[in-house]
Amino acid sequence: MSAACDSCLRRSWLVARLAGRIELARHERRPLREILALSNDRLLDGVGGDARARIAVELEELDTAELRLAADVAGLEVVCQHGAGYPARLLDLADAPAALWIAGGCDRLSTLVGGDVEDGPRSVAVVGTRRASAEGLEVARALGRGLAVAGVTVVSGMALGIDSGAHAGALEGGGRTVAVLAGGADVPYPRTKAMLYAEIGGVGCVVSEMPPGMRPFAWCFPARNRTIAALSHMTVVVEAASRSGSLITAELAADLGREVGAVPGAVLSWRAQGANALLRDGATLVRGVRDVLDAVVGVVAEREEMARDLALEPRLRDTLEAVSGGADTVAALAHTPGEAERALATLTELELLGLVRRAPAGRYVAVTP
Amino acid sequence: MLARVVTFAIDGLEPRRVTVEIDVRPGLPSFTIVGLADRAVREARERVRAAVLNAGFEFPQRRITVNLAPAWLRKSGPGFDLAIACAILAAAGQLPAEALERFAVFGELALDGEVRPCGGALAVAEGARRAGLSGIVVPLERVREAELVEDLDVAGVGTLGDLARVLRGEARPEPSAYSWPRRSARHLDLADVHGHGGVVGALTVAAAGGHNVLLSGPPGVGKTMLARRLPSILPPLERAEAIEVTRIHSIVGAYGGDGLVLERPFRAPHHTISPSGLVGGGTAPSPGEASLAHRGVLFLDELSEFSRAALEALRQPLEDGRVTIVRGQRVAILPTRFMLVAATNPCPCGHAPSRRCRCTEADLGRHRRKLSGPLLDRIDLLVAVHRPAREELERAPATSSAAERDRVIAARKRQIARLAGTSATCNAQMDRALLRTHLALEAGAERPLYQAYAKGELSARGRDRTLRVARTIADLHGEERVRRGHIVAALGYRHEVEAVPEAVA
């Protein structure tokens, strides 16, 4: 169902073909958004000498049927700016991707991030550092899960750290999630996230503006960030250093007039510098899912979680409350070996009910729906 | 003139009969030892000559050839000194040769003619008994040890002179006054432990079912302290077990005492240990830490710091309870039935889950990968150790070793009765087939397992581990059948690697 026109496919091919030269142009401090907004001819003009003519010929003789076949082989669908299924909200970008290559199907993508910003399904980008702390991962995961459960699509970049945490949370919360990759949508990147890639492809979508098989250049990551920002109503930065790629996403989101949120962190931690700076500059304070939902959906009604807690037998409820209150290890819940055994059994019961989750180092975390 | 004296070489853990043959004939004075002797045995020449002279005997100024037969067996250690001296004196007519036919002789000599204790007396005594000899001469300090072998005439000697008197049938020296080894005064007890209720409970489960344990917690939190107390809740050594342990420790020289080892060994090798140091090896295969921990506890602190080769080498010992070492033509089978207690930091910096943890996701992944693998498959319980709160430290200890040990012994008895007629003696040794036949699961009790499995939090191997642990928990509670509650409690001990989906690993 490749609803992409030839000219957009050519454009997509050309950008990938010139990826190395764009990288060089970036080194000369040419702003990326200007480069990507150039027309095909102007892009080619940037290529000097014989190469320009050679690449122009290649572009002229490009067989778009082959590109479509490559997509089929890689299990991807492709949509373009001019065709159906292209997320309208991307058109807010001056340098919108010409085509979008999709793993997971364009129908599903439409249900996740279709339509323009005003109508269509809500979506939120959750981004942050690759070198996340355990706490940051926990926050990202809780945000991802809470948003997905609330029917909000979680958009992120599948990078290590916060991005992956957000995706994993969204998968736990039902799977409303879109990963935007810098390279081809059929290439799991980073490779260690191959399993996560497969899971997202199974229930959500993995998309990219690059043709299949393409390995990302450095400039592809900020380019990918503009897509993440444009696909989302709000961009939430969980942990970011003072010069982090996530801040680029936040800036792009602000430029597009989208909401920007940040999770505050300890002032002395390098991981908190970026997010705290955003907060000072007026970003929405995000303490949990509720703050995000308030911003993108409106004030959320108290949901039925209270009722569910009441249905628990007292032993389980007490333990759940204790875990939420910070007594989150067996050691904190019990003194004698006998008590400890009961506490362990109770925690495991709660785990089986999906109310707590085991975190590294013997901690338990209450699962906030 | 020819003389023969019987002694024993130790090959792995087995005593092998060695005949010291001596030929003394006229010629230029010389003293040669042949028969695959190592350095310590060849150096016996100097010790024997000095000891014989200093003890007031005469050293024959002749051509002396000593052969240690069988010639193919590699001989090592100083235990041949006494036998060689004995043979020389017998050949020279200074000792009654006929008396030597009844005795095996074993001991090291000092230059002044004193007999020094050396390792392996118990094994040698067993060898003498098996070879049909009626008696054995050992260093005085090793008499109690050799006497553990029944129906054997054990004579202790303190000097070469004593030996002559023993052989002539004169008065034997009494072993010096010594006290029977008691449980050491600084006996480690759970009653000294404040807090750590969960870990103590887990150690009791481990002790009751013979399960291997992984303790995970930040540095300095008490992992080693807790592990050291595990032997105190294990059932006491039975006599046959104690003899096995004594034999091994005596051979390695790890045991300076006298008589039977009464306490279960606790071995804690440093993480720089080599594979052969851990499981045994060397040109003449000798036991490693795994055998020294036989019938006791092998504690590996900082598990992730051990070399991969060393950890891989532990697989057979863990699986079979013994290890086969082949070096050249020599094969040694060494027993290694120990409980493994491993300890690790929860993350490379050691501070997880506190805020002080500075590790990135990638660091954690690397740490976890280092820990995973076949060794972890043999570890049934994963236990998190946390720093106890201040109130915990002031609270009276929750239990004592004696109380927990009684529960462990009762649980072990149930297991032995249930597993009678099978290859296993405790729950940890149940394989999948035994789990099917000897688990006694209450109908429907396994539902939580399916739930955990469906959520991807349990592997098939993890399921077996959980069932084994659940069986032990039921045994500790004195219940015939494994109920749902036991399974749920056992699930709490499952491995973290299974709890964390790859997605965020």
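The points below concern confidence, overall build, domains and the chain–chain contact in a predicted model.

1. Confidence in chain A. Chain A has a mean pLDDT of 88, with 95% of its residues reaching 70 or more. One stretch deserves a separate remark: across residues 303-307 of chain A the pLDDT stays under 50, and the model has one contact beyond four places in sequence for these residues. Where pLDDT is low, the predicted coordinates should not be read in detail.

2. Overall build of chain B. The secondary structure of chain B amounts to 22 helices and 16 strands, and its C-alpha atoms occupy a box of roughly 85 × 45 × 45 Å when this is taken along the principal axes. Of the 505 residues in chain B, 51% are buried. Among the contacts in chain B that have a separation of 6 or more, 74% are between residues 24 or more positions apart.

3. Domains of chain B. The domain assignment divides chain B into domain 1, covering residues 2-168, and domain 2, covering residues 212-379. The C-alpha centres of domain 1 and domain 2 of chain B are 36 Å apart.

4. Contact between the two domains. In chain B, 15 residues of domain 1 are in contact with 17 residues of domain 2. On the side of domain 1 of chain B that touches domain 2, at least two residues each are supplied by strand S1 (2-11), helix H4 (121-130) and helix H5 (143-146) of chain B; H4(B) gives the most to this side, with three residues. By residue class, this side of domain 1 of chain B divides into six nonpolar, four polar and five charged residues.

5. Contact between the chains. Between the chains, 38 residues of chain B are in contact with 38 residues of chain A. The elements of chain B that give two or more residues to the side touching chain A are helix H7 (197-209), helix H14 (361-371), helix H19 (447-454), helix H21 (484-491) and helix H22 (496-499). The largest share of that side comes from H7(B), which contributes five residues.

6. The residues of chain B on the side that touches chain A divide into 20 nonpolar, 12 polar and six charged. As a caution on reading such counts, the size of an interface is often given as the accessible area lost when the parts come together, whereas the figure for chain B here is one of residues in contact, 38 of them, with chain A.

Terms used. Residues numbered from 1 in each chain as written. Chains lettered and ligands numbered in written order. Predicted model: local features only at pLDDT ≥ 70, side-chain atom pairs only at ≥ 80, totals over all residues. Contact = placed C-beta atoms within 7 Å. Helix = DSSP H or I, 4+ residues; strand = E, 2+ residues; numbered from the N terminus. Nonpolar A, V, L, I, M, F, W, Y, C, P; charged D, E, K, R; others polar. Domains from an automatic or database assignment. pLDDT = per-residue confidence, 0-100. Buried ≥ 20, exposed ≤ 12 C-beta atoms within 10 Å, placed from the backbone.
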